[in-house]
Each structure stands twice: as C-alpha cells, then as structure tokens.
Amino acid sequence: MSVLDVRDLQTHFFTDAGVVKAVDGVSFSLDAGEVLGLVGESGSGKSVTGFSILRLVDPPGRVVGGQINFKGQDLATLSAREMRSLRGNRIAMIFQDPMMTLNPVLRIETQMVEAVRAHDRVSHAAARDRAIRALSKVGIPSPAERLAAYPHQFSGGMRQRVAIAIALLNGPDLIVADEPTTALDVTIQSQILAEVQELARETGTALIWITHDLAVVAGLADKISVMYAGRIVETGPTDAVLTAPGHPYTEGLLGSIPGHGRRGERLTQIPGMAPNMARLPQGCAFAPRCPRVSDICRKDAPVITDIGPGRGLRCHHPTLAAEGVA
Amino acid sequence: MLVFLLRRLAQSVFVLIAMMIVVFFGVYMVGNPVDILISPDATPREIEETMARFGFDQPVHIQFLSFVGNALQGDLGRSFVHGESAVSLILSYMPATLELALLGLIFSVLIGVPLGVYAGYKADRWQGRAIMTGSIFGFSLPNFWVGMLFILIFAVELRWLPSTGRGDTVEVLGLRLSIFTADGLSHMILPALTLALYKASLVTRLARAGTQEALMQDYVKFARAKGLSETRILVVHVLKNIMIPIITVLGLELGSMIAFAVVTETVFAWPGMGKLLIDSILTLDRPVIVAYLMLTVIIFIVINLIVDVIYTLLDPRVRVKGEAA
C-alpha cells in the first residue's frame with residue numbers, strides 16, 4: 001500500500017482579488033522509500049501542495065477538495081488533535097529558509113527535545129539522546145556540545161542540517177521537503193542532497209522534494225511531477241521525463257538549465273511570465289507562453305492522460321520526444 | 001559586557017550633569033522660599049539673616065557651585081520644613097512607593113501579557129476585538145477616577161478591601177514594607193491595580209502586536225510542523241520572542257510609576273514619595289523637590305541599565321555582540 005495517496009487535491013485562497021486556485025486538482029502517490037520531485041516555478045502551487053498535506057495552509061487559504069490518504073487514512077477527516085499527533089511524528093516537513101525556521105531565542109536542545117516529547121512520553125534525557133543521534137546522523141560535529149547552542153551560532157547549511165535532524169527525530173514515514181537547499185550554496189546543497197537520499201533509503205522514508213530546480217531532482221528523485229499554475233502538467237519516472245519530456249513546459253525547463261547547450265550559445269528560455277493565478281486564461285494555462293499552441297489550447301483545458309508506464313501528461317500537443325515513447 | 005557597562009555608566013554621568021543644571025536653575029530660580037519660611041511680619045534684618053543662613057544672598061553661579069559640591073558628597077540640602085536631610089527624608093518615603101510600583105508592575109504583566117497574547121492569537125475573532133476595545137478604556141480612563149471607582153466598588157459597596165493607608169508593615173532588611181503582611185497586601189491591591197491599569201493596557205497592545213508578528217514567522221509554522229500544541233507554541237515560542245519589547249517599555253514605565261505615582265498615592269492616601277512631592281511643592285520646600293528630581297533621574301538611569309542587562313539574558317544574539325565588543 002502506498003504511504004501517501006493524494007487525489008484531486010484542491011487548495012484555494014480566498015482573497016479580495018478573487019479566488020486563487022493555488023492547487024487545482026493535484027494527484028500523486030508515493031510508496032515507502034520513494035522520492036518524488038515536485039517541480040515548478042514560483043507560484044505554481046508546489047509549496048502549497050506540501051503545506052496542504054500537513055494541513056498547515058494559512059488563511060485565507062483552505063483545502064476545499066480532494067483526498068489526502070496517508071497510510072489509508074484520509075487526513076481531512078482527522079480532528080485537529082489527531083492531525084497534530086501525525087505532524088512531526090509520522091509526517092515531517094523541512095522548510096525553505098533555514099535562517100527563519102529555527103526559533104532564534106531557544107537553544108537547539110529545547111527545540112529538538114520538545115519535538116520528541118510532543119509525541120513520545122520519554123524523559124528529557126532520553127529525548128536528548130535521540131536528538132544527539134539525529135544530529136550526528138546529519139553530519140553535525142560534536143552534537144552533544146552543539147545542543148547548547150542557539151541557531152545564530154550555526155551557519156545556514158548547519159541550520160538546515162539541524163532542521164533535517166528535527167524532521168528525522170521521530171522516524172517519520174513521510175518527509176515533505178520544501179526547497180530545503182535553495183537558500184544554500186552549491187557545495188553544501190550537494191552534500192545535503194546526498195545525505196538526505198541516503199537517509200531516505202536507509203529508513204524507508206518516503207520523500208517529497210519540492211524544488212524549482214530540475215537539476216536538483218535529477219539525481220535524487222525516483223519520479224517527477226511538474227506543476228504549472230496549480231496543476232500537474234507532466235508526471236513520470238525521473239529518467240523518462242528528463243530524457244523525453246512530453247510537455248512543452250517541461251521541455252522549456254530542461255532547455256533553460258545551463259550546460260545542455262553549447263558554450264557561447266544563449267540558453268533557451270520560456271517566453272512570458274508565470275500567469276496571474278487570480279485570472280487564469282480559459283483553456284490551457286500555459287497556452288500564452290507555449291510554442292506549440294493552437295486554437296483548441298485556448299478553448300479547452302487539456303486533461304491528464306496516460307502516455308506510458310507511470311507517465312501522465314496534460315497537453316493537446318505533446319512534443320515529439322514523448323510521442324516516440326508512447 | 002564590562003565595556004558595555006562602562007560605556008553606559010559614562011553616558012549616565014553626562015545625563016546626571018545635564019539634569020543637575022536643569023533642575024537647579026529650574027527650581028532655584030522660581031519663587032523665594034524665604035517668604036514661606038519666615039513669618040510675614042519679620043524685620044528686614046531677620047530676613048537678611050535667614051537669606052545668609054541658606055546662602056540665598058550669594059550670586060547664582062556661586063549657589064550652583066556649592067550645590068554641585070554638596071551634591072557630589074551626596075548632600076542635596078536639608079528640608080526647610082522637616083529640618084532633616086532631603087535625601088534621607090525621600091528615602092524614608094521611598095519603600096512605600098517602590099513596593100506599590102513593583103506590585104503594580106507585576107499586575108500589569110500578569111494582566112497584560114496573557115490578554116495580549118490571546119488577543120493576538122484571536123486577532124480576527126470577537127475575543128481579540130473585545131480585548132482591544134477593553135484596553136482603550138484602560139488607556140483613557142483617568143487614574144484618579146479609576147481609583148475612586150475602585151474605592152467605591154471594592155471598599156464602600158462590597159467591603160472587600162481597605163481603601164486608605166498602608167496597613168500593617170513589617171521591617172525587612174531595615175525597610176518598612178506592607179507587601180509581606182496579609183493586611184498590608186490587602187491595602188496595596190487597590191492602589192496597585194489603579195496604577196497597573198494603564199500599563200496593563202499598554203502591555204496588552206504590545207503583546208498583541210508582537211504575537212501577531214511572531215505568528216507569521218516561519219519558526220511558528222515549523223513548530224506547528226513539529227506537532228507542538230498551540231499552547232506550547234504561544235507560551236514558549238511566541239512569548240519568549242515578544243518579551244524583549246515588552247520589557248523595554250515596562251522598564252521605562254516602572255520608572256514613571258515610581259516617580260509619578262503622585263495621583264494614585266494621593267487618592268489612596270498612600271504615604272509614598274509622590275505624596276511627599278506634592279506636599280513639598282505646596283510648601284516650596286526646594287531641597288526636597290530637587291532631591292526628588294535628582295533621585296528620579298538616577299532611578300531611570302538604573303532601570304535602563306537593568307533593562308539592557310535583561311535583554312542580553314533574553315536575546316542570545318545581543319549577548320554575543322556584547323561579548324565581542
């Protein structure tokens with residue numbers, strides 16, 4: 001049975017400017033130990049998807065539809081108390097900015113021990129031991145001494161390791177990582193990626209890795225879902241999606257990664273801007289920016305269709321590469 | 001830390017000097033106390049003698065220099081009325097005011113912080129709005145009126161609490177205090193509440209603003225993602241972050257509570273410094289007024305210093321900078 005099965009998730013923001021459908025019918029599922037890369041631009045709804053799973057969407061946002069089945073249990077039906085006992089325990093989250101996620105005025109020890117004791121009736125000493133083990137697992141030197149430190153005494157990379165250690169404390173079944181390496185420099189980023197991948201494999205933890213960077217998920221994720229304007233436009237095994245992208249948007253994302261073209265050549269870019277989520281165009285949301293756009297795209301929104309084993313695509317005019325696969 | 005303290009002390013000396021000049025010329029140049037000290041039908045010779053005894057016949061700058069000279073030795077003159085040293089006179093009234101201000105401060109924190117945090121947490125609900133509306137009353141009702149209202153309700157109608165005086169006092173470390181006797185404490189509750197009402201409203205507003213801001217921070221969301229209870233998030237994560245501005249303001253307010261409890265002390269016939277000040281102003285008892293103002297300055301300086309030290313205890317980031325300096 002899958003650890004997480006999200007069906008037709010809808011999270012809307014009720015703003016003065018109108019209803020923003022930040023997440024509009026997102027579906028995916030995840031088995032134990034599996035890593036899903038959720039890729040998209042800023043504002044594509046990928047972070048909101050992550051927060052929806054933990055039921056931590058701030059007002060005016062609200063999950064208005066769909067199902068989130070976690071180990072066979074629909075999270076929407078749980079009481080606030082039951083949901084809290086899952087958070088940080090069975091489902092953990094890592095945030096984007098390590099400078100902001102730790103409370104500046106509390107010691108690391110306090111922040112880790114409370115995370116253990118919120119879910120397990122153990123002594124402070126036992127919780128502390130677990131914290132030390134988690135810190136050494138993520139590669140923090142002399143963890144016992146570092147427990148007494150405050151967040152500002154750590155570098156950004158070290159703080160993110162602490163945040164990851166906190167996520168690991170209770171051995172969760174699922175970790176939602178919301179762009180956890182975006183704020184870090186590249187060397188630290190690759191170290192953390194390697195460590196997280198190893199940890200997930202060791203413990204069988206399922207992982208949702210939210211990022212705007214296809215290069216990051218390329219080496220990490222088992223499968224990829226590409227989001228655009230609140231919807232998944234393409235999904236499939238990582239290798240398949242990266243070698244034979246079906247959606248013009250995925251192709252555009254791949255083309256804009258440095259290193260694919262030849263030296264001296266301009267990087268390809270996707271023309272235009274991410275759409276205004278409060279006023280989405282009729283039909284396909286990507287149509288105004290799409291190189292393969294036709295009349296039908298402007299009239300009817302495409303539905304997601306299977307184009308191969310585990311591969312889905314939401315496009316009227318898939319690229320040639322994907323047609324070969326299908 | 002040491003460098004920081006020394007720097008603050010040097011700044012304090014400048015403040016004291018400036019204050020000496022302002023206070024001296026402000027008070028010494030207004031009115032002639034001799035008119036009050038001597039009966040109107042005294043002979044010019046008697047007046048002259050008295051003037052000479054107090055040094056009023058000297059030029060202004062000589063008077064000022066001798067005032068500064070004496071002040072440096074801790075002597076701010078003798079009370080014209082009571083005949084004893086102005087400083088020791090004020091100090092003898094001080095414990096009553098200090099304990100009243102302290103209890104007022106405790107009340108304002110105990111009332112203001114929980115109300116403010118709750119109002120911030122429920123900012124868009126009726127609970128939050130009700131608390132904010134209530135705090136407007138705390139701000140705008142005049143002290144003397146609240147005091148009299150309290151007396152009317154709790155002393156006259158309900159007969160729960162006494163309304164005047166200090167009640168039983170007990171000597172602690174050489175100070176006569178009411179706070180440690182049940183009777184004394186019951187005498188303190190009404191004046192302390194009156195004193196606390198305005199501050200409590202202030203604290204409520206500060207705590208609410210701080211809570212609203214803190215609740216939007218990532219660390220609160222992360223704390224929720226850890227599965228902590230809302231209570232723990234508010235009481236540990238939010239409260240510790242919002243205490244810094246609250247303590248700053250309260251520190252300053254404690255100074256004003258001690259120095260200007262005049263109205264409340266008058267309403268409740270509380271024999272503290274404020275009442276002494278009013279009496280001294282009425283009798284033009286210059287040395288007492290000057291000594292009172294100088295002591296007030298010193299109290300403010302000391303409290304500010306303590307606030308800065310408490311900062312470093314609350315905010316580890318300030319601590320590190322202080323150590324590095």
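Trainee: Which residue just after H9(B) takes a positive phi?

Mentor: Gly227(B) does, with a phi of about 85°. Bear in mind that this is a predicted model.

Trainee: Is H9(B) buried or exposed?

Mentor: Count the buried residues along the helix. In H9(B), residues 218-225 of chain B, seven of the eight are buried, so the helix is largely enclosed by the rest of the structure.

Trainee: Which residues of H9(B) are buried?

Mentor: Tyr219(B), Val220(B), Lys221(B), Phe222(B), Ala223(B), Arg224(B) and Ala225(B). Lys221(B) and Arg224(B) are on that list.

Trainee: What covers the buried residues of H9(B)?

Mentor: Look at both chains. From chain B, the cover includes helix H8 (182-215) and helix H10 (230-259). From chain A, it includes S6 and H3.

Trainee: Then let us turn to the contact between the chains. How many residues does the contact take from chain A and from chain B?

Mentor: The general point first. The size of an interface is often given as the accessible area lost when the parts come together. Here we count residues. Chain A gives 24 and chain B gives 19.

Trainee: Which helices of chain A each supply at least two residues of the side that touches chain B?

Mentor: Helix H2 (80-86), helix H3 (98-101) and helix H4 (108-117) of chain A. By class, this side of chain A has 13 nonpolar, seven polar and four charged residues.

Trainee: Now chain A as a whole. How many helices and strands does chain A have?

Mentor: Chain A has 13 helices and twelve strands.

Trainee: Why does the radius of gyration of chain A agree with a compact globule?

Mentor: Compare it with what the chain length predicts. For 326 residues, a compact globule would have a radius of gyration near 20 Å, and chain A has 20 Å, so the two agree. The box filled by the C-alpha atoms of chain A is roughly 65 × 50 × 40 Å along the principal axes. Of the 326 residues in chain A, 46% are buried.

Trainee: And what percentage of contacts in chain A between residues at least 6 apart in sequence join residues at least 24 apart?

Mentor: That share is 63%.

Trainee: On to the sheet. What is the strand order in the open sheet of eight strands in chain A?

Mentor: Again, the general idea first. Strands of a sheet pair through backbone hydrogen bonds, either parallel or antiparallel. In chain A the order is S6-S7-S8-S3-S9-S10-S12-S11, with mixed pairing. Strand S6 (91-94) and strand S11 (305-308) are the edge strands, as each pairs on one side only. From one strand to the next, the twist averages 20°.

Trainee: Where is a parallel pair, and how many bridges join it?

Mentor: Take strand S3 (residues 35-39) and strand S8 (residues 206-211) of chain A. They run parallel and are joined by five bridges. In S8(A), Trp209(A) is the bridge partner of Gly37(A).

Trainee: Which strands does S10(A) pair with in the antiparallel sense?

Mentor: One is strand S9 (residues 223-228) of chain A, over six bridges. Lys223(A) has Pro237(A) of S10(A) as its bridge partner. Another is strand S12 (residues 311-313) of chain A, over two bridges. There, Glu234(A) has Leu313(A) as its bridge partner.

Trainee: What takes a positive phi in the hairpin of S9(A) and S10(A)?

Mentor: Ala229(A), with a phi near 50°. This hairpin has two residues between the strands.

Trainee: Is S10(A) mostly covered or mostly open?

Mentor: Mostly covered. Six of the seven residues of S10(A), residues 231-237, are buried.

Trainee: Back to chain B. What domains is chain B divided into?

Mentor: Domain 1 (2-72) and domain 2 (87-324). Their centres, taken over C-alpha atoms, are 33 Å apart. At the contact, 13 residues of domain 1 of chain B meet twelve residues of domain 2 of chain B. H1(B) gives the largest share of the domain 1 side, ten residues. That side divides into ten nonpolar, two polar and one charged.

Trainee: Where is Tyr28(B) placed?

Mentor: In helix H1 (residues 2-28) of chain B. Tyr28(B) counts as partly exposed because it has 18 C-beta neighbours inside 10 Å. Beyond its neighbours within four places in sequence, Tyr28(B) is in contact with Gln63(B) and Arg286(B).

Definitions and conventions
Residues numbered from 1 in each chain as written. Chains lettered and ligands numbered in written order. Predicted model: local features only at pLDDT ≥ 70, side-chain atom pairs only at ≥ 80, totals over all residues. Contact = placed C-beta atoms within 7 Å. Helix = DSSP H or I, 4+ residues; strand = E, 2+ residues; numbered from the N terminus. Nonpolar A, V, L, I, M, F, W, Y, C, P; charged D, E, K, R; others polar. Buried ≥ 20, exposed ≤ 12 C-beta atoms within 10 Å, placed from the backbone. Domains from an automatic or database assignment. Pairing = 2+ DSSP bridges. Axes fitted to C-alpha atoms, helices over the stretch in contact; angles between N-to-C directions. Rg over C-alpha atoms; globule rule 2.2 N^0.38 Å.
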